[in-house]
There are 2 protein chains.
Amino acid sequence: VVWVFIEPEALADGQLRVSGAKAHHLARVLRVRPGERGVAVCEGLAHQFTVLTVEGDRVTAEVEGVSPVGSEPSRPITLLQALLPHTDFDAVLEAGTEMGISRFVPVKAERAVGRAGPDRLPRWRAILESAAEQSHRGAIPAIEAPMELSAALRSVTSMRLLALDPDGTEPLPRQPSDEPIAIAVGPEGGWSAAELAAMTAAGASRVTLGPRILRARLAAVAAAAILVQ
Amino acid sequence: VVWVFIEPEALADGQLRVSGAKAHHLARVLRVRPGERGVAVCEGLAHQFTVLTVEGDRVTAEVEGVSPVGSEPSRPITLLQALLPHTDFDAVLEAGTEMGISRFVPVKAERAVGRAGPDRLPRWRAILESAAEQSHRGAIPAIEAPMELSAALRSVTSMRLLALDPDGTEPLPRQPSDEPIAIAVGPEGGWSAAELAAMTAAGASRVTLGPRILRARLAAVAAAAILVQ
């Protein structure tokens with residue numbers, strides 16, 4: 001089943017009309033054909049459709065039913081992820097989206113190897129949209145421009161905050177809950193003492209995934225798997 | 001800290017003496033130098049050492065202490081993983097080792113895209129050893145030659161068996177436990193109806209990681225993260 005996110009303007013009179021880059025993606029990459037069925041997601045609703053016509057870069061489809069999307073986690077998870085080398089950071093965005101993360105906040109950590117500015121945002125957003133479509137999410141996760149840790153902490157003051165720390169003693173909370181949660185995952189070299197102190201001052205619990213050493217690109221994914229259950 | 005697995009023969013008279021491929025790895029890849037500290041793991045014991053000499057492909061070190069390794073999960077997890085394309089299967093071995101999986105059983109599933117014979121074993125073992133060293137495991141996970149599902153199921157009859165199935169209704173068991181567990185993860189196209197029936201007949205529970213669609217290479221890692229907690 002084709003799964004795409006669409007703008008509200010694409011829906012009118014019981015039909016779906018797509019043009020531009022999204023239609024190009026449907027027609028040329030996914031190669032949809034008349035008669036093919038799919039799901040178009042818009043503002044939390046899944047519109048079941050059957051393709052009517054594919055002409056150049058225009059796709060039209062008949063909408064046959066609408067229902068709420070059931071695939072969003074009940075607990076919103078925000079990931080404060082220290083910048084990593086590009087390949088690793090992209091892998092965290094892709095796998096984190098599949099796992100159900102709601103919002104990504106790239107953090108300029110002291111020991112971060114990767115550097116990235118707001119110019120990475122278009123690429124990051126494309127990765128998030130593609131991963132959200134492949135995993136049949138109900139929404140594309142949000143992502144911010146890279147920011148200092150202090151700013152990142154100010155953006156999650158209303159949430160329960162967890163700082164992943166190999167020297168932490170608490171395990172991740174295991175009870176299912178709808179409480180919004182923010183988890184901070186450091187770079188390959190870990191958070192600095194000053195960064196850990198800043199997070200503790202902001203109310204963070206220092207949690208661990210256990211005694212094994214995880215590569216940075218795996219840590220956020222493992223944490224999300226546990227938190228989203 | 002350098003972390004290596006060694007054979008019992010390398011230990012004698014309070015010293016560690018390594019030659020051959022392992023010494024080459026220490027001297028040329030990890031570039032250890034006299035005075036550097038590390039941990040050599042053998043049969044569940046961690047030997048803390050300080051390097052004395054590095055000469056050609058021979059490394060000697062003084063053993064300064066011995067203690068049990070504390071990084072093995074209390075619950076042994078066996079992963080029955082359907083064969084995947086090589087890159088994906090290798091990624092599962094690497095990440096699964098970091099997560100704490102004890103034993104890998106490659107399964108020739110009906111819908112498996114990847115093909116592999118026993119000739120892949122040397123490469124797979126090298127990946128497992130390297131990942132176990134990087135994640136500071138207390139043991140290198142075991143791996144079998146690829147086998148049919150029926151044979152794989154016969155190898156885990158004493159364990160609680162979980163079959164990962166997107167249409168399953170049970171979540172993964174969340175309670176911490178020492179009970180050995182086997183989890184079967186299918187190929188990108190999922191287990192066939194006949195395979196699911198065979199697993200159910202073998203006593204398997206059909207479990208799900210939730211409503212989102214995970215790539216096959218991510219599913220085992222997410223499941224291990226939850227089970228190992």
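## One chain on its own

Buried residues make up 54% of the 229 residues in chain A, where buried means under 20% relative accessible area with a 1.4 Å probe, protein chains only. Keep in mind that this is a predicted model: local features need pLDDT of at least 70, side-chain atom pairs count only at pLDDT 80 or more, and totals for chains, interfaces and linings use all residues. Residues are numbered from 1 along each chain as its sequence is written, chains are lettered from A in the order in which they are written, and side-chain values use heavy atoms, leaving out hydrogens and water.

Chain A has six helices and 12 strands; these are DSSP runs, H or I of at least four residues for helices and E of at least two for strands, numbered from the N terminus. Its C-alpha atoms fill a box of roughly 60 × 35 × 30 Å along the principal axes.

## Two copies, one axis

How is chain A laid on chain B? It takes a turn of 180 degrees and a shift of 0.0 Å along the axis, and the RMSD is 0.0 Å, with copies superposed by least squares on the C-alpha atoms of residues with pLDDT of at least 70 in both. That is the relation of a two-fold axis. In chain A, the C-alpha of Ile226(A) is nearest the axis, at 2.7 Å.

## Where they touch

Here are the totals for chain A with chain B.

| Item | Value |
|---|---|
| Residues of chain A in contact with chain B | 30 residues |
| Area buried between chain A and chain B | about 2,500 Å² |
| Salt bridges between chain A and chain B | four salt bridges |
| Polar contacts between chain A and chain B | nine residue pairs |

Contact means heavy atoms within 4.5 Å. Buried area is the accessible area (1.4 Å probe) that two parts lose on being put together, summed over both. A salt bridge puts a side-chain nitrogen of Lys or Arg within 4 Å of a carboxyl oxygen of Asp or Glu. A polar contact is a pair of N or O atoms within 3.5 Å; within protein, one must be able to donate a hydrogen and the other to accept it, and residues adjacent in sequence count only if both atoms are side-chain atoms.

Arg215(A) forms a salt bridge with Glu94(B), with the closest N and O atoms 3.5 Å apart. On the side of chain A that touches chain B, the largest share, six residues, comes from α6(A).

Terms used. Buried < 20%, exposed > 50% of the residue type's maximum accessible area, 1.4 Å probe, protein only.
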